[in-house]
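Student: I should like to learn how to read the features of a protein model. May we work through one together?

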Amino acid sequence: WVGSQIVHLGDDDVPNALVFIDKYMQVPRIINPIVQVIRSLDHVATLPGQQQYIERKFGCVDACKAAILQDFFKHGFDGSGDDGGSCIDGRLTSAWNWCSRLHKKPFYHTFLLAGFQSFDGQW
């Protein structure tokens, strides 16, 4: 984790605690759909044709799960979205950037097979 060790409260980036809390409230909107996909992949693999797809693409369901999690934890909070603002801003921007590039990831179709709609969709 590369970033500032300073918690920004009362500066221009985070003028008050409510803004700070709101930033952290974005995390479940990012994480929950990923968790739902990971949890549902075992079931998806039991559907006709899906297990063959997952095995052909990833080798097995666990390897597919690992690919998703490894990619997210490598790029989702890497600080690449840092614009000099608060520490949480850079991490959230990195995570939202990861989300916006999901359609380019090798596991995108497994998200769709698992029922993924969007990071703001209903499950």
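**Reading a helical model**

Tutor: Let us begin with one side chain: Phe72 is buried, with a relative accessible area of 1%. Buried means under 20% relative accessible area, exposed over 50%, and partly exposed in between, with a 1.4 Å probe and protein chains only. Phe73, by contrast, is exposed, at 58%.

Student: On what basis are such values given?

Tutor: This is a predicted model, in which local features need pLDDT of at least 70, side-chain atom pairs count only at pLDDT 80 or more, and totals for chains, interfaces and linings use all residues. Residues are numbered from 1 along each chain as its sequence is written, and side-chain values use heavy atoms, with hydrogens and water left out.

Student: How many helices and strands does the protein chain have?

Tutor: Helices (H or I, at least four residues) and strands (E, at least two) are DSSP runs, numbered from the N terminus. Here there are six helices and zero strands, and the pattern along the sequence is α-α-α-α-α-α. Of the 123 residues in the protein chain, 38% are buried.

Student: How is a pair of aromatic rings described?

Tutor: One gives the distance of the centres and the angle of the planes. Rings of Phe, Tyr and Trp (its six-membered ring) pair if their centres lie within 6.5 Å; planes under 30 degrees apart count as stacked, over 60 as edge-to-face and the rest as tilted. The structure holds six aromatic pairs. One of them joins Phe72 and Phe73, edge-to-face, at 5.4 Å centre to centre and 75 degrees between the planes. Phe116 and Phe119 have ring centres 5.1 Å apart and planes at 65 degrees, so this pair is also edge-to-face. Phe116 is buried at 10% relative accessibility, and Phe119 is buried at 10%.

Student: Which residues form the aromatic cluster?

Tutor: Phe72, Phe73, Trp98, Phe107, Phe111, Phe116 and Phe119 form one cluster.

Student: Where do nonpolar side chains tend to be in soluble globular proteins?

Tutor: They tend to be buried together. A nonpolar core is a set of buried Ala, Val, Leu, Ile, Met, Phe, Trp, Tyr and Cys residues joined through side-chain atoms within 4.5 Å. The largest such core in this model has 24 residues, of which Ile34, Ile54, Ile68, Trp98 and Phe111 touch the most other members. Helix 2, helix 3 (50-58), helix 4 (61-75) and helix 5 (87-100) each give two or more residues to this core. Helix 2 gives the most, with six residues.

Student: Which residues does Ile34 touch?

Tutor: Contact means heavy atoms within 4.5 Å. Leaving aside residues up to four places away in sequence, Ile34 touches Ile68, Phe72, Trp98, Phe111 and Phe119.

Student: What span should helix 2 have?

Tutor: The expected span of a helix is 1.5 Å times one less than its number of residues. For the 18 residues of helix 2 (residues 27-44) this comes to 26 Å, and the end C-alpha atoms are 26 Å apart, which agrees.

Student: Where is the kink in helix 2 centred?

Tutor: The bend at a residue is the angle between axes fitted to the seven residues ending there and the seven starting there. In helix 2 a kink of about 25 degrees is centred on Ile38. Ile38 is buried, with a relative accessible area of 16%. Not counting residues up to four places away in sequence, Ile38 touches Lys65, Ile68 and Leu69. The C-alpha atoms of Ile38 and Leu69 are separated by 8.6 Å, although these residues are 31 residues apart along the chain.
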